[in-house]
Amino acid sequence: MRVLLFLCVVLAGCDPAPTPAKAPAPRTAPHGKPTAAVEVRLDAVDRGGGDYDVTLTATPTVATDALELVLDGRKVAAGAVAAGEARTMTTRIHLGGRGREVLGSAAVGQGNRRRNRAASTWIGAPQVAPAQTITIITMPDGSEVAEVRE
Amino acid sequence: MRRALVLCLVLAACGGDDAAGPDAEVCDLPAAGTCDGNVVSRCDGAEVVTQDCGEDLEACVFLDDEQTFGCADLCDLPGGPVDTPVCRDGAVVSCSEEDGHHVPVIVSCGVGTVCDDSNGAGACVADPCSGIGPQGKCAGETFTACVGGAAAETDCTATGDVCAYVDDATGYACVAPATVGAMAVAGIARYEDRAPQVSGALAAIAPLPIRGAVISVIRDTDSVVLDTAIVADDGSYVLRYDATLGELVHVTASSSSPLAIRPIRVRRTMTSTHGFGGASFAAATATNFDLLVTDSSGTSEAFNLLDQAIIGMDTIRAVFDDAAPPQLTVRWARGSNDGTYYGGNQIHLLGQTSDDDGYDDTVMLHEFGHYVEDVEGRSDNPGGGHDGSPDDPRLAWSEGFATYFAMMARGVPVYMDSNSGGGWGWNADDSITEAPMPTGPLDQLVSEDMIAENLWDLGDAGLADDDPMTSAGHTAVLQVQAHLRTGTLREVGHDGVDLVDALDGWFQQQGLSSCAPVRTVVTGIRKFPYDYAGPGGACP
């Protein structure tokens, strides 16, 4: 697979969302798990000819000493970043008619602590779920079991 | 409480009997007295009376009964003084010497071990009931049950019986052959686990017993269930069924536990639990079949989540004596993207490629911690995202407690969350997260990490403990939830349950003798300005 990495992290002046303080945390799910103080987004653009530009956008929600971006296996250190300031990383991926999942993540560090958050996006030909035969077994108490066999 | 009072009148401190002047007639110590190291001082009229508690290896502490400072042997614990190591609440309690006085040392016995002092001295030993489970087990025709904390074996053949699973209320037992099927299949059921590492990454695959899960023998032709049982905690099972000799059947494990003490179902869809069926075999009077739920099947994680929930349920039973907690439903499937969260006796877990929580033991047990709040304690958590930053004190308390629960249930002070970026881990025992405003209000925003660190330091103990709180244990920390559930909360701090209310409960339950070490942990190390004046009394 031909992969062209043509963009890097823009360390200054790239989408600096002007958020001076801690960005409001989303309150969508009750009692969620602990997360990293960074929002992560993956966007893909079809450039034609089987080429896709995939962009990872990482936005710390609190000021961080060390922001690190990882996209499709490539890692870039972005250093200290203020809360609300986005950093991006883009890679070009050539698929040749196939499709695949692209993974990205961002880690924030504060002192000796590090937390990260990951995201994924599918590019190219639509994802086909692997064939798996499931048999519904009805138990004596009426409950159902979705049985997988190999 | 045993106290050897060695009083010593120090007349010189008040000027002696020939001292002149009005100051000599005044003892200006607080009414409760004071401690200076191991020396207690208090007023006797105008005289200062001092007592060196260390002469008898006692410590100068605040005496709850008398509301004064005095000497106490800290190894003189409820339940009797500790001279040699003894077992108390499942932990080894011994007496050591530190700073010139006795100090109790509590070592909680880890997973799979229990405290045994039958030989005169307490020690953590392999749990004789480990691997049996609440429903007992069969090994051939030998029935084994856990009776009074010890394994009790019965040879079923001695009475002409066979060992079989009767029902969920009875479990395995010796029964008459005519009451069970003529065919039998027995073996070990395991699932492929990937244990979380300190870094957050997952370890290589290693099989673990599918303890507590439902296991069935199924007829291939019409998927009819011929017999069902519960897998023992060591993974062993036996199923006895009726079928035509030679017809094809198979064994299936499902990710649920119907036992009243472990009411758990891990569902793939709204209505179905996960199931994994083994290879078919011909029905026979005796078949040995080991089942291995593979990672590649996409179902092994469901059995890991069941295993973690069983850890949680067993903790509930041990700490709160709750033998019938409400049904817990866990929702997970590969590809699931509806988030990881708890609400209404349901835990939802991510199953995405980028973030799959199926093997993330501490993530599962964190969410189980919210279930514990729900069914045994109280939470006023407003919900929503959280990342360790200072936040609403009700959210910080609830999330910090949930993380602490995950750590204490596994006996390791590390929270871990894997993802496609490598994941992350965090150790509460070697971290210090301070309150943002050490002289600020009690209802200030605080970090959930500060909560978890404080709770771990209050609950951990042992010879290697790195904090001064050595005389409690994790059970005492968890039992604060009982206070939060039923107690009247003070109108300080934030409205609703937060760290202030938890500390109030701690002192109500544990007394004020723990004031000094708690103050060191909570306020000295982590700068939280608790007022130490809750309904349990005012700390001196």
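## Exercises on a two-chain predicted model

In chain B, an open sheet of 3 strands is arranged in the order β14-β15-β16, with antiparallel pairing. The model is a predicted one, in which local features need pLDDT of at least 70 and side-chain atom pairs count only at pLDDT 80 or more, whereas totals for chains, interfaces and linings use all residues. Residues are numbered from 1 along each chain as its sequence is written, and chains are lettered from A and ligands numbered from 1 in the order in which they are written.

**Exercise 1.** Compare the secondary structure of chain A with that of chain B, and state the buried share of each chain.

*Solution.* Step 1: chain A has 0 helices and 10 strands, and its pattern along the sequence is β-β-β-β-β-β-β-β-β-β. Chain B has 8 helices and 37 strands. Step 2: a residue is buried if 20 or more other C-beta atoms lie within 10 Å of its own, exposed if 12 or fewer, and partly exposed in between, with C-beta atoms placed from the backbone. Step 3: by this criterion 35% of the 150 residues of chain A are buried, and 49% of the 540 residues of chain B. Step 4: the C-alpha atoms of chain B fill a box of roughly 110 × 55 × 40 Å along the principal axes.

**Exercise 2.** Characterise the side of chain B that touches chain A.

*Solution.* Step 1: two residues are in contact if their C-beta atoms, placed from the backbone, lie within 7 Å. On this basis, 52 residues of chain B are in contact with 39 residues of chain A. Step 2: several elements of chain B each supply at least two residues of this side, including β22 (225–230), α2 (361–376) and α3 (393–410). The largest share, 6 residues, comes from β27(B). Step 3: the side of chain B that touches chain A comprises 9 nonpolar, 36 polar and 7 charged residues. Here Ala, Val, Leu, Ile, Met, Phe, Trp, Tyr, Cys and Pro count as nonpolar, Asp, Glu, Lys and Arg as charged, and the others, Gly among them, as polar. Step 4: β10 (residues 144–149) of chain A and β27(B) pair in the parallel sense over 6 bridges, and A:Glu147 has B:Gly275 as its bridge partner.

**Exercise 3.** Describe the packing of α1(B) against α2(B).

*Solution.* Step 1: axes are lines fitted to C-alpha atoms, for helices over the stretch in contact, and angles run from 0 to 180 degrees between N-to-C directions. The axes of α1 (residues 300–320) of chain B and α2(B) come within 10 Å and cross at roughly 40°.

**Exercise 4.** Explain why B:Phe62 counts as buried and list its contacts beyond four places in sequence.

*Solution.* Step 1: B:Phe62 lies in β5 (residues 59–63) of chain B. Step 2: B:Phe62 counts as buried because 24 C-beta neighbours lie inside 10 Å. Step 3: setting aside neighbours within four places in sequence, B:Phe62 is in contact with B:Phe69, B:Leu512, B:Ser513, B:Cys515 and B:Pro540.

Note on methods. Helix = DSSP H or I, 4+ residues; strand = E, 2+ residues; numbered from the N terminus. Pairing = 2+ DSSP bridges.
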